[in-house]
Amino acid sequence: MKTGDSQSSQLDELESAQKDPQLIPDGLFIVFEGIDGTGKSTQLHLLAERLRQLGYAVVATREPTNGPYGQKIRELFVDRGAVSQEEELELFIADRDQHVKEIIAPALSDGCVVICDRYYLSTVAYQGANGMDQDLILKKNEDFPVPDLAIILEIEPAHGIHRIRNQRHEHPNTFEEEANLQKVAGIFSAMQQDYIERINGSDSIENVHRFVFGAVAKVLAQKATQQVES
Ligand code: ADP
Ligand code: TYD
């Protein structure tokens, strides 16, 4: 076959995949977790793009959302003392409740791959570091869909803060102070859920993506096997 023929057949395949997205029964739910500056949003966009090119219907989303609770949460980044620890936790739960009902659950039942930048493990880590009981936090999250895969990107807090300042050109907010991020990172590193995959976030963007895609390919294959068996 001539190179041109093979290229055009690849293009045909890609086009038809884009016209008829590859749907997964009950969807696939992937979340990115880790402290600030680890590269979650960078990797989420790379993964979403790669999966779309492979023909999957992808919904990329994040928490806190841009909804009413998410906006209240963003006010806390300036003045965290404005609410109690309990009220802060309730704001994250209310934001997630709306997010699950309006975006995540419908997209999963439509057969999409949902990729979320932060989810309830962030609540365990950040509100846990803020003094709330971790078991209580998990209990308040138990009715939400459990991810098929939670990728925890790991990095030294000082390195994450350096990236926020020097690469994102932002000033770290109250949640992003190094002493707080040390506590948050400690909680993330002790988590033992079987759907967690840990990846070194201080490697190059390309290498991190390679590991991320490897972990995703594994859960996609598991889903496919479950489908055949059922
Ligand atoms: P997060 O969403 O975890 O806070 P970002 O994806 O916004 O992190 O990344 C923080 C900054 O670091 C961005 O400016 C981004 O371009 C950069 N960055 C992300 N991943 C890497 C990497 N592996 N190596 C170097 N810089 C990175
Ligand atoms: P971040 O991903 O940095 O969003 P943005 O780019 O809009 O600033 O998340 C904002 C902060 O919210 C981050 O410091 C972690 C914190 N957070 C919690 O404390 N609990 C949670 O449940 C979630 C989802 C986030």
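**Reading the labels in this predicted model**

Visitor: Why is arginine 118 called buried?
Guide: Arginine 118 has a relative accessible area of 12%, and since buried means under 20%, exposed over 50% and partly exposed in between (1.4 Å probe, protein chains only), arginine 118 counts as buried. This is a predicted model, in which local features need pLDDT of at least 70 and side-chain atom pairs pLDDT 80 or more, while totals for chains, interfaces and linings use all residues. Residues are numbered from 1 along each chain, chains are lettered from A and ligands numbered from 1 as written, and side-chain values use heavy atoms, leaving out hydrogens and water.

Visitor: Where is arginine 118 found, and what is its phi?
Guide: Arginine 118 is in the loop that runs between strand E3 (113–117) and helix H5 (120–129), helices being DSSP runs (H or I) of at least four residues and strands (E) of at least two, numbered from the N terminus. Its phi is near 80°, a positive value in a residue other than glycine. Most residues other than glycine have a negative phi, and most peptide bonds are trans.

Visitor: Why is histidine 169 called exposed, and what is its phi?
Guide: Histidine 169 has a relative accessible area of 64%, which is over the 50% limit, so the word exposed applies. Histidine 169, which is not a glycine, has a positive phi of about 55°, and its place is in the loop between helix H7 (157–166) and helix H8 (178–190).

Visitor: What is the omega of the peptide bond from glutamate 63 to proline 64?
Guide: The omega of that bond is near -5°, and the bond is cis; proline 64 itself is found in the loop between strand E2 (58–62) and helix H3 (68–76).

Visitor: Which residues come nearest to ligand 2?
Guide: Of the 14 residues around ligand 2, the nearest are Asp36, Arg74, Arg118, Thr123 and Gln127, where a residue is near if one of its heavy atoms lies within 4 Å.

Visitor: Which element gives the largest share of the shell around ligand 2?
Guide: Helix H5 does, with 4 residues.

Visitor: What lies around ligand 1?
Guide: Around ligand 1 are 14 residues, of which Lys40, Thr42, Gln167, Arg168 and Asp203 come nearest, and helix H2 (residues 40–53) gives the most to the shell, with 3 residues. A polar side-chain atom of threonine 42 lies 2.6 Å from an oxygen atom of ligand 1, while a backbone N or O atom of aspartate 203 lies 2.8 Å from a nitrogen atom of the ligand.

Note on methods. A polar contact is a pair of N or O atoms within 3.5 Å; within protein, one must be able to donate a hydrogen and the other to accept it, and residues adjacent in sequence count only if both atoms are side-chain atoms.
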